[in-house]
Amino acid sequence: MRFLEYLYYRMYKAYAKKNDNPFWSTFFYVAVVQFTFMFIILIYLDKILQVGNVVSEAQLYNFKRSKVLWISLNIPIFLFTYFRFSKRNYTYYEDQYSKCYSLNKSVKIWMLVFFPFFLLLLSLLFVVLL
């Protein structure tokens, strides 16, 4: 959880410097990171169910295409992101993470922007190697 709070702090600060709307931009960024984690879990769960012959491929295909699945994943992530991160005042995050000088210097914003994509590609590579 602290990892996502740190991401929220750094991205909010970066979007504020760019004169972009930091509230919505950071909200969607943290939601994308959570979607990435959820997507990775779904990929591994899909592979486990296929390899273990627990569910037929046709049932998995229909389940993955169902709107109920995607709605039931998206709405909780948006609600969690809003109530957990966006409802708090930015000063809370500033008090928590502004004193992390070495971390703030070593982790660049471009690293944070590419983090979800890198994580997704790394996990897909791992799935292919399995």
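Here is a short chat about a predicted model of one chain and its helices.

Me: Hi! How many helices and strands are there in the chain?

Reply: Hello! This predicted model has seven helices and zero strands. Along the sequence, the pattern reads α-α-α-α-α-α-α.

Me: Is the chain a compact globule or more spread out than that?

Reply: More spread out than a compact globule, because its radius of gyration is 18 Å, well over the 14 Å that the globule rule gives for 130 residues. The C-alpha atoms fill a box of roughly 50 × 30 × 25 Å along the principal axes.

Me: What share of the residues is buried?

Reply: Buried residues account for 30% of the 130 in the chain.

Me: What about contacts between residues at least 6 apart in sequence: what percentage join residues at least 24 apart?

Reply: That would be 78% of them.

Me: Let's move to α1. Where is it, and how far does it reach?

Reply: Helix α1 covers residues 2–17, which is 16 residues. From its first C-alpha to its last it reaches 23 Å, close to the 22 Å expected at 1.5 Å a residue. After α1 comes N19, with a positive phi near 60°.

Me: Which residues of α1 are buried?

Reply: They are L4, E5, Y6, L7, Y8, Y9, R10, M11, Y12 and A14.

Me: And which helices do those buried residues pack against?

Reply: Their partners are α2 (22–51), α4 (67–86), α5 (90–97), α6 (101–106) and α7 (109–129).

Me: What does E5 touch, beyond residues up to four places away in sequence?

Reply: E5 touches R84, F85, R88, Y92, Y93 and Y97.

Me: Switching to T81: which helix is T81 in, and is T81 buried or exposed?

Reply: T81 sits in helix α4. At 0% relative accessibility, T81 counts as buried.

Me: Which residues is T81 in contact with, leaving aside neighbours within four places?

Reply: T81 contacts F27, V30, A31, Q34 and S86.

Me: Last topic, charges. How many positive and negative ones does the chain have, and how far apart are their mean positions?

Reply: There are 15 positive and 6 negative charges, and their mean positions are 4 Å apart.

Definitions and conventions:
Residues are numbered from 1 along each chain as its sequence is written. This is a predicted model: local features need pLDDT of at least 70, side-chain atom pairs count only at pLDDT 80 or more; totals for chains, interfaces and linings use all residues. Side-chain values use heavy atoms; hydrogens and water are left out. Helices (H or I, at least four residues) and strands (E, at least two) are DSSP runs, numbered from the N terminus. The radius of gyration is taken over C-alpha atoms; the globule rule is 2.2 Å times the number of residues to the power 0.38. Buried means under 20% relative accessible area, exposed over 50%, partly exposed in between (1.4 Å probe, protein chains only). Contact means heavy atoms within 4.5 Å. Lys and Arg count as positive and Asp and Glu as negative; His and the chain ends are not counted. The place of a charge is taken as NZ of Lys, CZ of Arg, CG of Asp or CD of Glu. The expected span of a helix is 1.5 Å times one less than its number of residues.
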